Amino acid sequence: MAFVSSGYNPDKPMEDRITDIGPRKYDEFYPPVIAKNKGTWLYHDVIKPGVLVHVAESGDKVWTVRVGGVRLMSTTHIREICEIAEKHCDGYVRFTTRNNIEFMVADEKKLDPLVKDLESRKFDGGSFKFPIGGTGTAITNIVHTQGWAHCHTPATDASGPVKATMDVLFDYFQDHKLPAKLRVSLACCLNMCGAVHCSDIAILGYHRKPPMLDHEYLDKMCEIPLAIAACPTAAI
């Protein structure tokens, strides 16, 4: 039968099935000041584009610097993010749902050195590696789908159109001159897994013709065998 190459045995549907493949519990990675004051934060202020301060009932404060990230990161880039976190933030860093990176410090004296370090890091072409912004009435980072890098159904790629769009909108990322928050998303096909249905501006790839299937290779591709194996009767 189909999908046998994925390891699925119809006579023993639960054999070798892996179910616990998720990450570790999120609160193991809280910075100490966040763990201490969880649920007791009073308010926050946006000091300037990309820089926030949160104040807790205890009087504790935490300063956050938000920088733009990318959906597909190289290991070199991730190591540099970790290096910055180790240098300024006691090793703590977090990612937002829209691919931004946030560095947090509990000591205000560490804020300016962190900002200056981030602003000084640039690519060979002169563009920022870690542009600060995306808060308040600014455009936040563009969230997008996987595109041709890792998906079976895209009508368009994601990274290229998103980069071109964000280059045009970049000034709005580092300034609070818009009347309200602005969210832009891109989805590569009508499945719309890029949150385009709940964003202010949507960029959507659309198939003009039905995609062609290569059945010889279909059951060897990516998540498809895992999806099939998730059903005990292989009815998917």
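Two strands count as paired if DSSP finds at least two bridges between them. Helices (H or I, at least four residues) and strands (E, at least two) are DSSP runs, numbered from the N terminus.

## The model at a glance

This is a predicted model: local features need pLDDT of at least 70, side-chain atom pairs count only at pLDDT 80 or more, and totals for chains, interfaces and linings use all residues. Residues are numbered from 1 along each chain as its sequence is written, and side-chain values use heavy atoms, with hydrogens and water left out.

The chain has 6 helices and 8 strands, and along the sequence they come in the order α-β-β-β-α-β-β-α-β-α-β-β-α-α. Of its 236 residues, 33% are buried (under 20% relative accessible area; exposed is over 50%, partly exposed in between, with a 1.4 Å probe and protein chains only). Take the contacts (heavy atoms within 4.5 Å) between residues at least 6 apart in sequence: 60% of them join residues at least 24 apart.

Let's start with E2, residues 51–56. Here 5 of the 6 residues are buried, so the strand is largely enclosed by the rest of the structure.

On one side of the pairing list is E1 (residues 41–48), which runs antiparallel to E2 over 6 bridges. Val46 sits opposite Leu52 in E2. The E1–E2 hairpin leaves 2 residues between the strands, and Gly50 in its turn has a positive phi of about 90°.

E2 also pairs with E3 (residues 61–68), again antiparallel, through 5 bridges. Val55 has Lys61 in E3 as its bridge partner. This hairpin has 4 residues between its strands, with Gly59 in the turn at a positive phi of about 95°.

## Arg121, a buried arginine

Arg121 is in the loop between helix H3 (111–120) and strand E6 (143–144). Its relative accessible area is 12%, so it counts as buried.

What do its polar contacts look like? The Arg121 side chain meets that of Glu80 at 3.0 Å and that of Asp117 at 2.9 Å. (A polar contact is a pair of N or O atoms within 3.5 Å; within protein, one must be able to donate a hydrogen and the other to accept it, and residues adjacent in sequence count only if both atoms are side-chain atoms.) Leaving aside residues up to four places away in sequence, Arg121 touches Glu80, Glu83, Ile84, Phe128, Lys129 and Phe130.

## Met192 in its loop

Met192 belongs to the loop between strand E7 (184–187) and strand E8 (201–204). Met192 is partly exposed, at 31% relative accessible area.
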